[in-house]
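Me: Got a model open here and I'd like to talk through how it is put together. Can you walk me through it?

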Amino acid sequence: MCRRYQPGAPGVSGAARFWPGARVGVALPMPFPGPLDYLVPEGMALACGDFVSVELGRRQVVGVVWGPGAGDVAAERLKPVAARLDTPPLRAGLRRFIDRAAEYTMTPLGMMLRLATRVPDLGQPPRMRVLLRPTGARPDRMTPARARVLDAAAEHGGAGLAPVELARLAGVSAGVVKGLEAAGCLAPHAVPADPPFPPLFGQPPGGHLSQAQAEAAGLLREAVAAGGFSATLLRGVTGSGKTEVYLEAAAECIARGRQALVLLPEVALTPGFLARVEARFGARPAEWHHGVTGTERRRVWNAAASGEARLVVGARSALFLPFEDLGLIVIDEEHEASFKQEDVVLYHARDMAVLRASVEGGAVVLASATPSLESWANAEAGKYRRIELPDRFGRAVLPAIETVDLRSEAPGRDRWITARLAEATQGRIAAGEQALFFLNRRGYAPLTLCRACGHRFGCPHCDAWMVAHRFRAELMCHQCGHTAPLPSACPGCGRDDRLAACGPGVERLAEEAAELFPGARIEVLSSDLIAGPEAVKARLAAIAAGEADIVIGTQMVAKGHNFPLLTLVGVIDADMGLLGGDLRAAERTFQMLHQVAGRAGRAERPGRALIQTASPDHPVMRAIVSGDAEAFWRGQAELRNLSGMPPYGRLAGVIVSGEDEARVAETARALGRAAPLIERAGAELYGPAPAPIARVRGRVRMRLLIKAPKGLPLQEAIRGWLAAVKVPAAVRVVVDIDPQSFL
DNA sequence: AGCACGCCGACT
DNA sequence: GTCGGCGTGCTC
């Protein structure tokens, strides 16, 4: 029987060496639960972390020596390790991190390793290119062409020049250069093909930190200087200059000879941010995200491993880079949901960052204006140090925030802009300022139905309505991306005059705004209306320059762009995120409202935010209006504590999915019947129930939920429970430890 | 993850 | 009669 892989088995940590005849465990970047055993052949010595090439089935794959063999496969079935690769080994720290991350998230070890080895030419010797340097020798026959080459070579002597470059400088053909090399007048030497990363400044070019910033930076510098693991929650409102503060921590880390990593939410990896880093350090940092491919990917990976890349800015996958000595990890906007990876491997970058820092003996800084309740609670409990950045950097004040009660001040039928918001907008336009209407809904209308026969347009592959997009004249499923042409007649009854759009999207809101404010310049910002980051940048710049009176936008306008003329924010439907009873609905709505409201009045002009809501007495709305975030968090914490929910208890989601509805349902029921196994361990099992979106891309999904007290070894309990249920091959069971969303 | 093996439809 | 579709299962 197959024994479960136990991370941290004897030998993994030390400098264990394996000699010919020994069994070694080789981890492969494939979904195996643990390393596979191979034999060390004659004439080879291996150590943990070594990259090796092994035969798997009938193909050659690259793997990493993980420890001694498990011994669960008969010796005669073992294959020898084919070769030890001439690549710097995977460091013990990263191996330990991969082990523990796989264990925590219940992901097969090989899948975790894959995240750390997704780089081109892995296991190949580093690419070199040949440069030529003058040897000082004179050729037997000197010609004018040869003289020019030798002059050029002498002039650019030191490092040497590429043959093509030398020929170009001397104005000769490649043959002349070749001839001189053959004659021994030019000597080849190999240098790494990838250009090096430029060094970074240690000291800030100008010391223009505010008092509060300087104090916060000082505390962070201390934490970094102390060496060992530490975690800090850096709280600062929008515009308080968090970036400048944590970049000082990065500078300290770099000055101490260690590497620093800044993680940003996927969407925030903007040229603007990189420019700020460049302004501070005098050079661009290394960048790592899915847009970095090919040669550049290899260059950054190698530079992280060699220690040459002192500062890496990246998305969550940068956590798996093979840093030589990682001393600091910053998670900017740590509350952002996009830090939770939801596809192949499920992990939360915030939690994995804390894990990696603890393994590496480094500092973690979690930065946010509106921290996640998890991080807030950790700071309350004294597990994280907490640093506050109270003031806005500069003279601007926070906007005045008020609610507009949609029950008493409702706009007309199929209208979404209240009279109060319209009036305020009118005033701002007259003053030459800008207004922002925030509605987190792309397209024209979220639902289209036929008033004659009641037909509703749903996605054929998902349990979701097709969203009307008038601008592109199509219906679109926001779940799977399926599109269909916007029909003119109802497919149910054939009538062509009774199709009705229900609910608002940004396109529809723009229509209403155009009627209300004739002559106003209206700009709609929605990801599906703008192609590419360059176009987004251009539109944002145009708006900042005043080329719009009213901006209507989805999520994408909520973050990090400064519009100096923007002094009014209207949230069209603040209740939208509160529906559905999600555990984090209130928290997320608060974070979103805070962020959107913060768009108003960043420069010298005071701002105002109008929050349209049907529940102005909801704790979220009260907290937003009063600005008392602490009270809100305390309230949320109390609710979660009473119900034993995270961060005071633990959750795990179990998603059962497949194309065959009957088999999925049967597997889910079998898991449900095995409930005693998990209840015996002290946890509670809920479900199975159809997932909130029961069908996505043609796959049926059911879910179960496990709730456990904090101290319980949750993963162990789940493993024992899952092992008792036979899962057919066509059904997939995925465990989501600490689920964020419940879709 | 790949890749082979295997068992049922439309072609030379 | 074969080529080939991708479901199922294995790889130390």
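**Helix pairs, sheets and a histidine**

Reply: Starting with one helix pair, α7 and α8 are oblique to each other, where oblique is what is left once angles under 35 degrees count as roughly parallel, over 145 as roughly antiparallel and 65 to 115 as roughly perpendicular. Helices and strands here are DSSP runs numbered from the N terminus, H or I with at least four residues for helices and E with at least two for strands.

Me: Before we go on, what kind of model is this, and how is it numbered?

Reply: It's a predicted model, where local features need pLDDT of at least 70, side-chain atom pairs count only at pLDDT 80 or more, and totals for chains, interfaces and linings use all residues. Residues are numbered from 1 along each chain as its sequence is written, chains are lettered from A and ligands numbered from 1 in the order in which they are written, and side-chain values use heavy atoms, with hydrogens and water left out.

Me: OK, back to α7 and α8. At what angle do the axes cross?

Reply: Roughly 50°, with the axes of α7 (residues 242-255) and α8 (residues 271-281) coming within 11 Å. Axes are lines fitted to C-alpha atoms, for helices over the stretch in contact, and angles run from 0 to 180 degrees between N-to-C directions.

Me: Which residues of α7 and α8 meet?

Reply: From α7 you get T243, E244, Y246, L247, E248, A250, A251 and I254, and they meet F273, R276, V277, R280 and F281 of α8; contact means heavy atoms within 4.5 Å. By class, the contact of α7 with α8 has eight nonpolar, one polar and four charged residues. Ala, Val, Leu, Ile, Met, Phe, Trp, Tyr, Cys and Pro count as nonpolar, Asp, Glu, Lys and Arg as charged, and the others, Gly among them, as polar.

Me: And α15 with α17, how are they oriented?

Reply: Their axes cross at roughly 165° and come within 11 Å, which makes α15 roughly antiparallel to α17. This crossing is left-handed. A586, E587 and F590 of α15 make the contact with A629, F632, W633, Q636 and R640 of α17. That contact splits into five nonpolar, one polar and two charged residues.

Me: Switching to sheets. What is the strand order in the seven-stranded one?

Reply: It goes β12-β13-β11-β14-β17-β10-β18, an open sheet with parallel pairing. Two strands pair if DSSP finds at least two bridges between them. At the edges sit β12 (286-288) and β18 (385-389), each pairing on one side only. On average, neighbouring strands of this sheet are turned by 20° against each other, direction ignored.

Me: Is β11 covered or open, and who are its partners?

Reply: Mostly covered: five of the five residues of β11 (residues 259-263) are buried, with buried meaning under 20% relative accessible area, exposed over 50% and partly exposed in between (1.4 Å probe, protein chains only). Q259, L261 and L263 point one way, A260 and V262 the other. β11 runs parallel to β14 (residues 326-332) with five bridges, and V262 stands opposite V330 there. Four bridges link β11 to β13 (residues 311-314), also parallel, with A260 partnered by L311 and L261 by V312.

Me: Which helices lie across those strands?

Reply: Among them, α6 (residues 211-225) lies across β10, β14, β17 and β18, at about 160° to β18. Helix α9 (residues 294-306) lies across β11 and β12, running at about 115° to β12.

Me: What about the five-stranded sheet?

Reply: That one is open too, ordered β3-β2-β6-β5-β7 with antiparallel pairing. Its edge strands are β3 (36-39) and β7 (83-84). β2 (residues 23-27) and β6 (residues 59-68) share four bridges, and V26 stands opposite V65.

Me: How many residues of α11 are buried?

Reply: Seven of the eight in α11 (residues 373-380), including E374 and W376. What covers the buried residues of α11 includes β10, α10, β17, β18, α15 and α17. Just after α11, G382 takes a positive phi of about 85°.

Me: Last one: is H469 buried or exposed?

Reply: Buried, with a relative accessible area of 1%. H469 is in β22 (residues 467-469). Leaving out residues up to four places away in sequence, H469 touches R442, G443, Y444, E474, M476, H478, E507 and D528.

Key: Left-handed = near helix turned anticlockwise from the far one by under 90°.
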